[in-house]
Amino acid sequence: MYIYNVTINIEETVHDQWLAWMKEKHIPDMLATGKFLSAKMCRVLVEEDMGGLTYAVQYTVADKETLDRYYEEDAESMRQDGLLRFANKFVAFRTELEVVSEQTSQIVPATEYLFTYGTLRDQIVQQELFSRALEGSKDSLPQHKVVEKSVGGLYPTIIHTGKAEDTVEGELYVISGSELRKTDLYEGKAYIREKLSLVSGIEAWVYRSRLSGSN
């Protein structure tokens with residue numbers, strides 16, 4: 001596992017525009033290259049002599065070969081976009097990090113990943129079910145497609161097609177174990193819950209109709 005780290009110092013005069021562009025355009029475009037597994041953006045808490053604000057963006061990549069492919073196929077266009085928008089307003093340097101050891105707490109967190117493509121994305125439904133609105137991130141389920149109104153003539157489900165061109169777009173949420181049980185009750189006996197791998201590499205719970213199968 002490798003981390004491609006980009007550290008950027010951005011001038012305060014364009015900071016807000018740049019930050020919005022990074023979160024809404026550049027980082028999603030980087031992930032859309034298919035080379036990176038995830039991205040984390042952090043504010044560096046230090047006052048720079050040069051002024052401005054400093055951020056570090058860490059892109060996780062499976063291996064050096066994939067990172068080299070990014071350099072060859074995508075890096076130039078990704079960098080040119082930023083230069084055209086914010087020329088002479090930032091300084092950036094890049095570092096490759098190889099992960100040599102990774103340890104996690106032995107205390108299992110009471111959290112679950114939930115991928116939704118239907119009514120559970122509605123914040124009104126979330127408030128009624130969990131007494132809070134969930135903060136999610138966009139993700140997708142490969143080799144599946146949505147079948148509209150197939151449950152009781154009202155609600156969607158998914159089927160596995162095995163086709164690379166079929167993808168289900170949705171939201172990924174982190175919820176508690178007790179909230180997952182509430183979700184089971186909400187979906188009812190018409191749905192079953194199974195753990196599937198998303199495009200991001202995360203394994204998440206997904207609900208589908210008990211009657212749905214492969215296309």
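If you look at the model, helix H1 passes helix H3 in a right-handed crossing, where right-handed means that the near helix is turned clockwise from the far one by less than a right angle. Before I go on, please keep in mind that this is a predicted model, in which local features need pLDDT of at least 70 and side-chain atom pairs count only at pLDDT 80 or more, while totals for chains, interfaces and linings use all residues. Residues are numbered from 1 along each chain as its sequence is written, and side-chain values use heavy atoms, with hydrogens and water left out.

H1 covers residues 15–32 and H3 covers residues 75–86, and the two pack at an angle of about 165° with their axes 11 Å apart. The two helices are therefore roughly antiparallel to each other, a label given to angles over 145 degrees. In their contact, which means heavy atoms within 4.5 Å, residues of H1 including Trp 18, Trp 21, Lys 25 and Asp 29 meet residues of H3, among them Met 78, Asp 81, Arg 85 and Phe 86. The residues of this contact divide into five nonpolar, three polar and four charged.

What links Lys 25, Asp 29, Asp 81 and Arg 85? These residues are joined in a network of salt bridges, a salt bridge being a side-chain nitrogen of Lys or Arg within 4 Å of a carboxyl oxygen of Asp or Glu. Lys 25 forms such a bridge with Asp 29, with the closest N and O atoms 2.4 Å apart, and, being four residues apart in helix H1, the two are separated by about one helical turn. Lys 25 is partly exposed, with a relative accessible area of 33%, and Asp 29 is also partly exposed, at 25%; here buried means under 20%, exposed over 50%, and partly exposed in between, with a 1.4 Å probe and protein chains only.

The structure holds 13 salt bridges, and I will show you another two of them. Glu 171 and Lys 138 meet through their side chains at 3.4 Å, N to O; because Glu 171 lies in strand S9 and Lys 138 in strand S6, the pair ties together parts that are 33 residues apart in sequence. Is Glu 171 buried or exposed? Glu 171 is buried, at 14% relative accessible area, whereas Lys 138 counts as exposed at 72%.

Glu 194 and Arg 208 also meet in a salt bridge, at 2.5 Å, N to O, and this pair links strand S10 with strand S11, the two residues being 14 residues apart. Glu 194 is partly exposed at 24%, while Arg 208 is buried at 19%.

How values were computed. Axes are lines fitted to C-alpha atoms, for helices over the stretch in contact, and angles run from 0 to 180 degrees between N-to-C directions. Angles under 35 degrees count as roughly parallel, over 145 as roughly antiparallel, 65 to 115 as roughly perpendicular and the rest as oblique. Ala, Val, Leu, Ile, Met, Phe, Trp, Tyr, Cys and Pro count as nonpolar, Asp, Glu, Lys and Arg as charged, and the others, Gly among them, as polar.
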